[in-house]
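Subject: Model for your files

Hello,

Here is the structure I said I would pass on. Please look through it first; my notes follow below.

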Amino acid sequence: MIVLGLDPSLTCTGWGVIRKSGSRLSHIANGQVPTSSRDEMSFRLAALQQALAEVIRVHCPDVAAAEEVFVNKNPQSTLKLAHARGAVLAACGTAGLAVHEHSAKVVKKSVVGTGGADKNQVQAMLKVLLPGVAIAGSDAADALAVAIAHAHLTRTL
């Protein structure tokens, strides 16, 4: 089973693809899709959707997972995150790929063992769970963590 993990953001969306075979996990690919704040919102969203559509086309995931939405103190930041999530979810939906959501706390607990883990702890565990992985950046690391959490939390994989 191939799992696509997603960390949507308007600034830089992370993605990670893993394979689950029984209880074994292996890394397939990961990356980040940055957008420029100088570009119009419509172009940034289109770039996100097109880039994720290409990731889906190339890696043919069976399932996708993303972190649940959290509400920022700044309503503008929350709205921008919602726009980015919409573009990412649209790319998945267009490909016929359902997206499952998991809270950040559940993702951290699944990967590290504690829901209060910091980013450094998550990245260290990624290197243990996916030996030899070269992580494209912190957003890609978050996406890989979501994919791993989904693989651990889903019995049917």
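The model is a predicted one. Its five-strand sheet is open and mixed in pairing, with the strands in the order S3-S2-S1-S4-S5. S3 and S5 (99-102) are the edge strands, each pairing on one side only. From one strand to the next the twist averages 25°. S4 and S5 run parallel and are joined by four bridges. Glutamate 67 has histidine 102 of S5 opposite to it.

On the helices, H1 and H2 have axes that come within 8 Å of each other and cross at roughly 35°. The crossing of H1 past H2 is right-handed. On the H1 side, the contact is made by Met41, Leu45, Leu48, Gln49, Leu52, Ala53 and Ile56. H2 contributes Lys80, His83, Ala84, Ala87, Val88, Ala90, Ala91, Cys92 and Thr94. By type, the residues of this H1-H2 contact are 12 nonpolar, three polar and one charged.

Next, the nonpolar cores. The largest has 21 residues, and the members that touch the most others are Leu4, Leu6, Trp15 and Leu52. Two or more residues come from each of strands S1 (2-7), S2 (12-21), S3 (24-34) and S4 (63-67), and from each of helices H1 (41-59) and H2 (75-94). Apart from this core lies another, of 20 residues, including Val63, Val111, Ala147 and Ala151. In soluble globular proteins, nonpolar side chains tend to be buried together.

Leucine 52 is worth a look on screen. Leaving out residues up to four places away in sequence, leucine 52 touches Leu6, Thr13, Trp15, Val33, Val88 and Ala91. Leucine 52 is also one of the H1 residues in the contact with H2.

Two single residues remain. Cysteine 60 sits in the loop between H1 and S4. Phi of cysteine 60 is near 45°, a positive value in a residue that is not glycine. Most residues other than glycine have a negative phi.

The other is glutamine 123, in helix H4 (residues 119-129). Is glutamine 123 buried, partly exposed or exposed? Its relative accessibility is 25%, so glutamine 123 counts as partly exposed, the cut-off for buried being under 20%. Isoleucine 135 is 12 residues from glutamine 123 in sequence, with 8.6 Å between their C-alpha atoms.

Regards

Methods
Residues numbered from 1 in each chain as written. Predicted model: local features only at pLDDT ≥ 70, side-chain atom pairs only at ≥ 80, totals over all residues. Heavy atoms only, no water. Core = buried A, V, L, I, M, F, W, Y, C linked by side-chain atoms within 4.5 Å. Buried < 20%, exposed > 50% of the residue type's maximum accessible area, 1.4 Å probe, protein only. Contact = heavy atoms within 4.5 Å. Axes fitted to C-alpha atoms, helices over the stretch in contact; angles between N-to-C directions. Left-handed = near helix turned anticlockwise from the far one by under 90°. Nonpolar A, V, L, I, M, F, W, Y, C, P; charged D, E, K, R; others polar. Pairing = 2+ DSSP bridges.
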